Amino acid sequence: MPGISQDSIVFHGRLSELYILAKEGKIPTHLQGSHTRPCKFWTATKILSGIRNSVILAHGPSGCAFGVKQAYKLTNSRNSGAPYEPVVCTNADLKSVIYGGEKNLHEAILEVDRKYNPDVIVVATSCATGIIGDNVDAVSEKMKDEIHAEIMPIHCEGFAGDYRSGFDLVFEQIVDFMQPPTPSDRERLRHSVNIVGAKMGPERTEVDTDVKELVRLIEGIGAEVHAVIAGNCTLEQLKKAPSVAVNCALCLDLGYPIGKAMKEKHGTPLNSTILPYGIAATEKWLMGAAKYLGMEKEAKAFMQSEYEAVREEYEAAKSFLEGKTAIVEGHDAIKSLSIAHMLECDFGMRPVIYNFHPWSAQARETSIDYLLETGVDPEILITKGTLAFGKYESMKQTEDELLAYLGDVNPDETVYFGSSLSFPHIPLVDLNAILNRPRFGYRGALKVAECIKTALTYSFRPRSALTKQIVFPKNAGLASAASLTSKLSSDMPDCTVYAQHRRRGQCMMN
Amino acid sequence: MYDELIFNDCTHSKDPMMGCALEGVAGIIAGIRHVSVVIHSPQGCAATVASAYDAHEIDFTQRKTACTHLFETDIVMGATDKLEQMIREADQKFATKVMFVVGTCAADIIGEDINGLCTSLQPEIQAMLIPVVAGGFRGNKYDGMEIGLNALLPFIKKQGETIPKSVNLICPQASLNPTWGADLKWITDTLKRLGVTVQAVIAHDSTVREIEGAGRASANILLSRDAGYTFAKKLESQFGIPLILSDIPLPVGLKNTTGFLRLAGKYFEAELEAESIIKSGEEFVVDILRRRALMIIPRYRNCRAAIVADATFGTGLARMLFEDLEMIPALILLRSGSEETKNLLQREIDEMGIKAKVAFSVDGYQIKQALAEARVDAVVGSSWEMYMAKELGIKVAFDLFAPTNRDVYLDKAYFGYTGMLNMMEIMGNDWERAFRSDEIRWGQYAE
């Protein structure tokens, strides 16, 4: 291994080996005290924010509701021109904690129904009301006949599960809004799909987003997208969603729970593949949809024409990259796995995922299972910095370990796929930049090829001393606890989400 | 007398415009240099604490925070061991002299004995442990700031004589100026010109030693009209340090700045220097506006405006808009609503003789509702109000306050004479953009 001492390595091997070690408890999978992810409440409300004309009523103090409102709703207003949307709370205080807040919740539901006239009220529990044991289910059930909106309780107390659990919970539960397919709906939607596993709300109109690219692909074969769940979908769309020909997972990990639930409850087929980075994954995604749409012939013709449009540049990139090594930043687990899949299957590279936190080996089981089943088993390198106290995505230790690992490898033989906030001496391809969208589909593959070409063309330029000092100042302390956006803050192009007092241009955890 | 708005259906549900008590507590702690924080909470609360650090613009490399990641079993079985382990680890890794151990909703409700643990662990821990119970249900951000400030009281000592002409600046980060540090600098520099030294800033980039010395100041100035009154009163009663200049608006706009300086000059017996600052400041404003902004006179005169802000700026903006710029503050919606704030606004409105509609401690629903009914031409507020205004068809929205949709790289004060110009510059640009055509029919130019 070039450069890095064995002392600095926690794990080096195949993904499958790491996966087994994590399952057997032979490698620590907990996040360090200095590492935090959004809690279950945040992730649950992120999905709920994608249902139009719904109101989240957080049963708890104001802080939880305000945090998600600012991060998700205000960002939607800014980026996508969405109207102002509230996140309401019952404003639980000391008295509520001592005497219970069910009566207050009852009244709050009535007020919300009158004030906003929403299609849906989702009562989201918080730590405080979860612990005191307010019977939110009973209150919600009782209110059903008293209000115009549909109502659903969601138990998403911050302590009740990890980051991922909020996504899964909501995706599974919103299936309860859906109606069983009818023959007439099935006929009407026989050439339609749902894209499942989306979150937060409407797409930016001025950015070529990945979701837009998937919609374009579906429409390209002559089918339609019925709903993007939950990316600005309506209650009416949700109700009819099971009648489509197939659900297509946007993100395998997030799309799987809702896809599975819809399949079990309503028999809606599920097309789930890894994120469609690169042509191999895109074709698998598209053919998976076409199979259920009965449009395989159209899909093949469309894929051929799409490929022809990007072939020249794509093949040029492929011929250059084949046989070379790719270091893939592993901070965003699903993306790193998908990129590794693309680099190996499309470009014939040898991907090494750097600093894939063992926590992800547990949290991202679905994607890992898929990858291993498809025969892709990339190398993983985890250094000590990843498990140290501090924010491993941004700390000097992991950067130094990266540089030590690379040592003096030949920049003509190795390419780094990760954030521009790292400073390896080899060509660096940052697929997260806003200008590098879409990343999915054929246009995405072309974009990747262009990015690689640009990175190689300008690899003679030393990295800016200015930018390096911005990220890694002299005498830097430990960066910790959600203090910096993950370097692959991928949900938001340009990685800017509002948080308290943060101004435009500042970052926020994803 | 102001006309206070009444809203229906707002007794049990709230669309909050600010964070909870935890954020307030963390906002005070984040203002102290070289201290660490262990949050005894589920991981989501760490984002709230991070927001408080953002308010102080603490470099991401300098944050020393850790979280115990409470999960369901911890809630059922208790998590004192987990907290103890985290305190030990943080003590070793962060190596700070002081460590705040903060319990949030979950720890607070299940009754984790944070005080007891800190006491028993203290002999084995290098850092001085300061337990703070800060369940979010204990109030909003402003209430939390009082809790946080209260936690600092034990640090403050009355050692030595009172230092004449010295002040403590009590400045909980409650301000909506996105680069609030510039206001602190303005006030510090101005006091210096009046011959007044700042004994302690409580708390922004402050040292523990600085806070310890706060007991020797001869006066306290509160740089907020939203939080900190209770703490200031405690300093008054416990240390005999009077709170001054608290019943007037802060120096927002020409007249308020002049009024603030005149009273400060009088209190510190520096009237001549105060007059000199006033003279040069007013001349500076007039000179700039004459040369660069003559058009503001017809533009703003009798423009009906809504002010949606914290009380720190809202109470001062009313006079700036009405008397300095000849606008009509028809609607004033404030984030907080203490008795002190209500009395101050009442006096201001009475003195000016205006008939503004007013609401305190407003939430998002109330703001939008009030804006929809107010028939105003312009809104002075933050991004929230900017987007609401757009939706409601209000032509002009001045995006002055946090969270703003502007990139601001260099600190810009809103206090003082230059501060007024800084605000007016933003207003000028937003005004111009508001009246640019969104849809230009390019075809007609091609013909």
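Visitor: What makes residues of chain A and chain B count as being in contact?

Guide: Two residues are in contact if their C-beta atoms, placed from the backbone, lie within 7 Å, and by that rule 68 residues of chain A are in contact with 66 residues of chain B. The model is a predicted one, in which local features need pLDDT of at least 70 and side-chain atom pairs count only at pLDDT 80 or more, while totals for chains, interfaces and linings use all residues. Residues are numbered from 1 along each chain as its sequence is written, and chains are lettered from A and ligands numbered from 1 in the order in which they are written.

Visitor: Which element gives the largest share of the side of chain A that touches chain B?

Guide: That share, nine residues, comes from α3(A), where helices (H or I, at least four residues) and strands (E, at least two) are DSSP runs numbered from the N terminus. Elements giving two or more residues to this side include α3 (62–80), β3 (88–89) and α5 (102–116) of chain A.

Visitor: Why are domains 1, 2 and 3 of chain B given these bounds?

Guide: The bounds come from an automatic or database domain assignment, and therefore chain B is divided into domain 1 (21–154), domain 2 (156–250) and domain 3 (255–434).

Visitor: How many residues of domain 1 of chain B are in contact with domain 2 of chain B?

Guide: On the domain 1 side there are 16 residues, in contact with 18 residues of domain 2 of chain B, and the largest share of the domain 1 side, six residues, comes from α7(B).
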